[in-house]
Amino acid sequence: MLEHVWLLLKNNLKNNLLKRYLSFICMSISPILIVILFCGMETKGVTHGRTALGFLIMFIFFKAFSSMERVIDDRYYNIYGRILTSSIKVYEYYLASILCATVIMVFQILVCLFSLKYILRLNLGVGYINLFIVLFFIGMVALSVATLGICITSNYDKLNVISYFISMGFSILGGCYFSVQDMPLVVQKIACFIPTTWAMEGIDKLLLGYRINKIWADILMMILFSLTFFVLGVYIARKSERIRVN
Amino acid sequence: MNIMRQVLMMWKRIIIGNFRKTPWTIFLSFLPIFLMIILGMTTKNSFTGISSFQYYGVVQITFMALYNITTCVNYVKEDERIGVLYRLRMARISSLKYYIINLFGFLFLSALVTLPSFVVSIRFLGTKWGNVPAFSYICILSLSAVMISFGLLLTKIVNNVWSILDIINTIIIPFMSYLGGAFGPNSFDSSPVLKLLSNMSLVKWLNEGIFSMVYRNDYSIIIISLIINLSLTFIFMMGLVIGREVENKLC
């Protein structure tokens with residue numbers, strides 16, 4: 001099993017990082033540009049670090065969907081069918097795809113944080129390791145949502161549309177652009193069911209000087225959200241695979 | 001008569017072909033409505049003097065006009081892939097004619113796709129578009145024309161257009177629309193570089209033009225924006241003509 005997963009992972013990584021390197025660079029550069037934009041807008045000593053991190057979360061969602069597009073490509077060019085005629089199992093294929101997307105996501109977060117800390121020398125008001133932990137967990141949620149997306153549709157265009165609706169919807173309702181506390185009460189209640197709300201709440205606490213162990217409830221909520229989306233994705237994938245086999 | 005028939009056939013193909021590809025059409029028609037509603041709702045308490053629905057009603061429609069470039073590039077590349085361009089050449093339709101017909105075809109498509117969000121903004125969200133809403137609509141279409149002509153030029157001069165489109169979709173459009181105020185009103189007074197960049201954003205001029213037309217009855221900015229957009233469209237189309245001549249010489 002491990003051999004198969006490693007083989008697929010290597011192939012996926014090669015394809016994503018070498019052939020689609022421009023997309024990777026774009027997705028990593030965009031949040032940095034937005035951060036520069038916010039810092040340029042800095043007025044009366046107020047840093048816009050929070051909103052900059054909100055934008056970074058939005059781009060993590062976009063990148064998660066873009067990394068999982070590989071599965072759609074495989075289905076379109078019938079590579080998926082050819083892989084499954086070998087001894088590779090369906091779960092091994094999906095595991096490799098998810099692992100590949102995870103590696104890319106971690107790499108993207110690291111590139112962003114590294115550029116912010118060492119190239120731009122910015123102080124966002126949060127410890128970078130703590131920030132990485134929160135971003136990693138919201139990244140896992142993004143990946144689980146993207147996995148659900150590829151299980152729902154096998155059309156590249158549809159996935160793109162879903163990715164825009166989800167990434168922007170989650171970012172806005174989750175308070176990535178504006179604080180949830182400033183929103184009307186009804187929207188605040190809806191925001192509780194949006195994973196990005198918990199990530200932003202965690203970041204808000206970190207900005208207020210809380211330690212990482214004080215935000216375990218927010219991290220737990222993100223883990224629960226990602227598990228829910230993964231389970232839902234697996235359920236839908238199993239159902240569609242059964243239909244395909246029959 | 002024959003030319004008219006050819007033009008109508010090609011327009012029919014663009015419009016029906018793109019409406020069959022429902023996901024992207026849904027995206028361009030309904031994402032602005034979705035964003036207008038949720039951004040308007042979430043920032044209801046943050047705006048003073050102007051309603052949040054008024055602000056986002058305008059800026060989200062202009063923001064979405066930028067994505068016409070993707071529709072256009074996708075379509076032309078698909079045509080190249082299935083060999084439509086060669087077949088058109090055999091039917092004695094020059095590539096220049098093909099591009100001009102495409103420009104107007106996509107403009108018509110853009111008008112159809114923008115219409116639902118425009119109507120929703122007026123009827124349900126109470127967005128004001130000035131004394132003559134049709135004029136604002138034409139100005140939005142002028143921005144679409146810039147993006148469509150730029151997309152057509154890209155398909156002609158760049159080999160790996162997908163990489164460029166990646167950069168446009170993930171960096172240039174979000175960055176320019178942000179500078180133009182698509183995610184909230186901005187002020188770049190503290191940074192001269194950003195102020196200069198925001199002045200280069202076509203969306204910013206269009207948004208500002210519409211707001212000053214609605215609230216101050218001042219048409220000067222919107223007319224400047226319209227002239228800039230039309231000039232850029234003309235320049236990009238000229239680029240296509242020059243590209244065609246160079247191609248002919250090489251042949």
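How many aromatic pairs does the count come to over all chains? The count comes to 21. The model described here is predicted.

## Chain A

Chain A has 10 helices and zero strands. Read along the sequence, its pattern is accordingly written α-α-α-α-α-α-α-α-α-α. The chain has 246 residues, and buried residues make up 54% of them.

Contacts in chain A can also be sorted by distance along the sequence. Among those between residues at least 6 apart, 77% join residues at least 24 apart.

## The largest nonpolar core

The largest nonpolar core has 147 residues. The residues with the most contacts inside this core are Ile57(A), Leu135(A) and Tyr177(A) from chain A, together with Phe27(B), Phe63(B) and Leu152(B) from chain B. Helix H3 of chain A, residues 49-76, gives the largest share of the core, 14 residues.

Leaving out residues up to four places away in sequence, Phe63(B) touches Met168(A) in chain A. Under that condition Phe63(B) also touches Leu35(B), Ile173(B), Ser177(B), Ala182(B) and Phe183(B) in chain B. Phe63(B) belongs to a ring cluster as well, where ring pairs link it with Phe59(A), Phe62(A), Tyr164(A) and Tyr67(B).

## Two ring pairs in chain B

Among the 21 aromatic pairs over all chains is the one formed by Tyr98(B) and Tyr99(B), which is edge-to-face. Their ring centres are 5.4 Å apart, with 65 degrees between the planes. Tyr98(B) counts as buried at 1% relative accessibility, and Tyr99(B) counts as buried at 4%.

The rings of Phe135(B) and Tyr219(B) make a tilted pair, because their planes stand at 45 degrees, with the centres 6.1 Å apart. Phe135(B) lies in helix H7 of chain B, and Tyr219(B) lies in the loop between helix H10 (202-216) and helix H11 (220-250) of chain B, so the pair ties together parts that are 84 residues apart in sequence. Phe135(B) is partly exposed, with a relative accessible area of 23%. Tyr219(B) is also partly exposed, with a value of 28%.

## The largest cavity

The structure holds four cavities of 30 Å³ or more. In the largest cavity lies about 80 Å³ of space. The elements of chain B that give two or more residues to its lining are helix H2 (22-42), helix H3 (52-65), helix H6 (95-123) and helix H7 (133-157). The largest share, four residues, comes from H6(B).

Which kinds of residue form the lining of the largest cavity? The lining divides into seven nonpolar residues, five polar residues and no charged residues. Among the residues that line this cavity are Leu28(B), Pro32(B), Ile61(B), Met64(B), Asn68(B), Ser110(B), Thr114(B) and Ser144(B).

## Around helix H7 of chain B

Ser136(B) is found in helix H7 of chain B. Is Ser136(B) buried or exposed? Ser136(B) counts as buried, because its relative accessibility is 0%. Leaving aside neighbours within four places in sequence, Ser136(B) is in contact with Trp129(B) and Met213(B).

Asn131(B) lies in the loop between H6 and H7 of chain B. With 62% relative accessibility, Asn131(B) counts as exposed. Asn131(B) touches Asn217(B) and Tyr219(B), not counting residues up to four places away in sequence; Tyr219(B) is the ring partner of Phe135(B) described above. Asn131(B) and Leu143(B) are 12 residues apart in sequence, and their C-alpha atoms are 20 Å apart in space.

## Cys151(A)

Cys151(A) has its place in helix H6 of chain A, residues 128-152. Cys151(A) is buried, because its relative accessible area is 9% and the cut-off for buried is under 20%.

Not counting residues up to four places away in sequence, Cys151(A) touches Gly233(A), Ile236(A) and Ala237(A). Cys151(A) and Leu232(A) are 81 residues apart along the chain, and a distance of 9.1 Å separates their C-alpha atoms.

Note on methods. Residues are numbered from 1 along each chain as its sequence is written. Chains are lettered from A and ligands numbered from 1 in the order in which they are written. This is a predicted model: local features need pLDDT of at least 70, side-chain atom pairs count only at pLDDT 80 or more; totals for chains, interfaces and linings use all residues. Side-chain values use heavy atoms; hydrogens and water are left out. On a 1 Å grid over the protein atoms alone, a cavity is a set of points where a 1.4 Å probe fits but cannot get out, and a pocket is an open set with protein on both sides within 12 Å along at least five of seven lines; lining residues have an atom within 4 Å of a point. Grid points are joined across faces, edges and corners, and a volume is the space filled by probe spheres set on the points. Ala, Val, Leu, Ile, Met, Phe, Trp, Tyr, Cys and Pro count as nonpolar, Asp, Glu, Lys and Arg as charged, and the others, Gly among them, as polar. A nonpolar core is a set of buried Ala, Val, Leu, Ile, Met, Phe, Trp, Tyr and Cys residues joined through side-chain atoms within 4.5 Å. Buried means under 20% relative accessible area, exposed over 50%, partly exposed in between (1.4 Å probe, protein chains only). Contact means heavy atoms within 4.5 Å. Rings of Phe, Tyr and Trp (its six-membered ring) pair if their centres lie within 6.5 Å; planes under 30 degrees apart count as stacked, over 60 as edge-to-face and the rest as tilted.
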